Amino acid sequence: MNHYTMLLVDDEEEVIQVIRKKIDWERLGFSVIGHAGNGVKAFEMVEEFQPDVVMTDIKMPYMDGIELAGRIKAEYPATKILFFTGFDEFEYAREAVHLEAEEYILKPVNSIELTNVFTQLKTKLDQEISEKRNVETLQNYYLESLPLLQADFYSALMEGRIGAQEIAKYLSDYQISFPGPFFCCLVLHTSASQMPEDMNHLLLSTAVQKQAKERLANQWRAKCFSYLGNTVLIAQLKSENEVSELTDECDRFCKYARRMIGAVVTAGVGQVCRSILDLAQSYSSAREAVSYRVIFGASRAINRKEIVPRETERAACVNDTELSYLFKMICLGDVHDVETAVNKYLGHISFPQKSLHQHQIDLMELISACYRFLANNDVVMEDFSGDIRRLYGMLLGLEPDALKIWLLDTSLLLRDKLIIARNNSTKSFVEKAKEYVRQNYTDEELSLDRVCEALGVSNSYFSTIFKKETGSSFISYLTDYRMERASSLLVETNEKSYLIAKKVGYTDPNYFSYVFKRRFGLSPSKYRTEHEDRGM
């Protein structure tokens, strides 16, 4: 049984005593915590004890009951107010309806009437507490469920199931902040085949997610959740250029995960978008980037924008269908993989099991998908360079075996063109890096970071490709280039060594001499002397 507290306020001590003695307050569920003879004293007691009910006279010294009730309602709105007053003040009290008093009781106080008033008041208080507790229970349950609701919302974003008109309500209801202004999906794939002995893959993936929250989520204001067996983060960027820094940070995280917990993690970095409504495309491209681990290796970050032949980014089309699988094998597989994918696709649209109309629809879908794939990867093929109706008419006339030969030849040719385009793309930016060195080697602040910023790629990707194409690291290449220039200047000019050092990007002559001797086995002065002797 709920028990409530009450404060009696009246400047007549006799009235207070009568009220306390006439009623069995305990049986009604109330206890009188005290009484006050004026409004000022009463409000002090309200501040101290915060009673559930205040029963007050109106006409009192220092502060009357109307003013007291007003102050109580302003600062303690849950407190119930009852007025009891003489007949000449009753109408005055009734006019104070804005005070929301529970009852107006006329003096002298009738015990039966007072009992009925407090019985009804007890019922009302019980009901309010019950409702409040129900609301609190629901609120607690809601707060406990909030992480699951948020994760479900993020998953819906990945699948493109949220409409523009629904976004604001979801963000408000689920207490999610997405200030942006740019967004990028990260997919962290934990290898199930390369794990520490006696380690459960689910536990390892959970450990990876925990580390990702600690090392990536705060810095990139990222939302982190599990989706389709991977850890997914929705990172928020201040500018599109930050994606290179994000890629490098993810690359460091992958190496950290390998070193600290033995997890082989590949981080796929998706395309940058301006609206969370476009996160489905960012997620799709991040998943595709993860797939490229078969080419670039695992335990690293792979940025979708950096690995495609194009400099501009387009949305990837990754669906769990036979046709999408075929294009995936064209990108990642060998000749056998492509042939298997062609057979799987043609088996899916097997001729005996469909009508002529369905066959025509399948061919239209195949041609459309091929055109999209070619456009997305900036590849030109003769069969697709003319009138689409001509190609469609040609394919309609092919028997199953002939269609299979055409599709296999086209797929293998497309695979070869992608390999060439990819190689040309990497060679192109390596040449750009070399040209950047030739133009800026005199700058003492020239560094790997500066070159990557100029090219718009991440350090990790650039370093991998540069070493693959040149056989040396970028810093080694820069040092060698500076030393070659320095050796030429030593032989061809009479300038002092410290001036030559400055011309090739070294502010410290001693360090320049050290690097030069390590490169040529001689100090700059001996190198010059030896070549002068040879010239004589």
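Helices here are DSSP runs of H or I with at least four residues, numbered from the N terminus. The model on display is predicted.

Begin by selecting Ile 66, which lies in helix 4, residues 65-75. With a relative accessible area of 16%, Ile 66 counts as buried, because the cut-off for that term is under 20%.

Next, select Arg 71 together with Phe 43. The charged end of Arg 71 sits over the ring of Phe 43, 4.2 Å from the ring centre.

Proceed to the aromatic residues. The whole structure contains 26 aromatic pairs. In one of them, Tyr 154 and Phe 225, the ring centres are 5.2 Å apart and the planes stand at 35°, so the pair is tilted. This pair joins distant parts of the chain, with Tyr 154 in helix 6 (residues 111-158) and Phe 225 in strand 7 (residues 223-227), 71 residues apart. Both Tyr 154 and Phe 225 are buried.

To view an aromatic cluster, select Phe 153, Tyr 154, Tyr 170, Tyr 174, Phe 178, Phe 183 and Phe 225.

Then turn to Glu 249 in helix 9, residues 242-261. Glu 249 is buried, with a relative accessible area of 16%. Beyond residues up to four places away in sequence, Glu 249 touches Arg 215, Leu 216, Gln 219 and Trp 220.

Technical notes
Residues numbered from 1 in each chain as written. Predicted model: local features only at pLDDT ≥ 70, side-chain atom pairs only at ≥ 80, totals over all residues. Heavy atoms only, no water. Helix = DSSP H or I, 4+ residues; strand = E, 2+ residues; numbered from the N terminus. Buried < 20%, exposed > 50% of the residue type's maximum accessible area, 1.4 Å probe, protein only. Contact = heavy atoms within 4.5 Å. Phe/Tyr/Trp six-rings, centres within 6.5 Å; stacked < 30°, edge-to-face > 60°. Lys NZ or Arg CZ within 6 Å of the ring centre and 35° of its normal.
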